[in-house]
Amino acid sequence: MKLIFLGPPGAGKGTQAEKISEHYGIAHISTGDMLRKEMREGTPLGKAAKGFIDKGELVPDEVIIGMVENRIQAADCQKGYLFDGFPRTIAQADALLSISDIDMVVNIDVPAERLVERIGGRRMCAGCGAGYHVSMYSKDTCEKCGAKLFIRDDDKPETVLNRITVYERQTQPLIDYYKAKGLLRTVDGDRTPETVRTDILALTEKLVSRLRTRLTLKR
Ligand code: ADP
Ligand code: ZN
């Protein structure tokens, strides 16, 4: 199963992607998480990416495409994968066409005016990169590793507005791109995480039975 989760920053892609990938035993590929790991480790890629990320700009397509191309070769991608935060531009989507097929694109829809307040409540673990939201988790240390939580530089209000603009300009066109390919499904992301997850699971379960039928027909 190969999925893409599409949606503006703060839509809850990461939260949903974590649960859904776990449910199906497929790899969760978050380009944002991969870039932040490079930044934490201070690699050349991480240092180059930081300048873009902290301004709310996109990291150049070539960098992202190379990173993803490598990532999907890994053993944990055998059963499938879920892209979270990729592709983010038409150029990335075009490049993806030549490295992988995709079964479904889930568009998590949240109105722009809700995003700023949602992102304002976001916290991240300095140790392992786990994400939290103050509305659901009130401690200031990580549940998984005990390290301190902090506010991501690119989650500060000045940067958030630019990220939303960048999303509207560069990523939103992917909605029509995947609609035209018949791959797009939209869920209302402006509800509780559990409700959104139930909707997504209904879509993925339908996909699973479709994929099964396809396999049976091939035999
Ligand atoms: P969010 O979904 O909240 O915007 P992400 O963790 O997906 O957060 O991304 C954080 C930042 O990392 C983006 O603002 C961008 O600078 C960079 N980034 C992540 N994925 C990509 C991508 N596919 N292409 C370009 N830049 C990316
Ligand atoms: Zn942690």
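Of the 219 residues of this protein, 44% count as buried, where buried means under 20% relative accessible area, exposed over 50%, and partly exposed in between, with a 1.4 Å probe and protein chains only. Please keep in mind that this is a predicted model, in which local features need pLDDT of at least 70 and side-chain atom pairs count only at pLDDT 80 or more, while totals for chains, interfaces and linings use all residues. Residues are numbered from 1 along each chain as its sequence is written, chains are lettered from A and ligands numbered from 1 in the order in which they are written, and side-chain values use heavy atoms, with hydrogens and water left out.

The secondary structure comes to nine helices and eight strands, taken as DSSP runs (helices H or I, at least four residues; strands E, at least two) and numbered from the N terminus. The radius of gyration is 17 Å, close to the 17 Å that the globule rule gives for 219 residues, so the protein is as compact as a globular protein of that length; the radius is taken over C-alpha atoms, and the rule is 2.2 Å times the number of residues to the power 0.38.

Which residues does tyrosine 178 contact, leaving aside its neighbours within four places in sequence? They are Ile4, Pro87, Ala93, Leu96, Val105, Leu183 and Leu184, with contact meaning heavy atoms within 4.5 Å.

Phenylalanine 83, for its part, sits in strand β3 and is buried, with a relative accessible area of 0%. Under the same exclusion of neighbours within four places, phenylalanine 83 is in contact with Leu3, Ile4, Phe5, Ile29, Val68, Ile72, Leu96 and Ile102.

Finally, among contacts between residues at least 6 apart in sequence, 72% join residues at least 24 apart.
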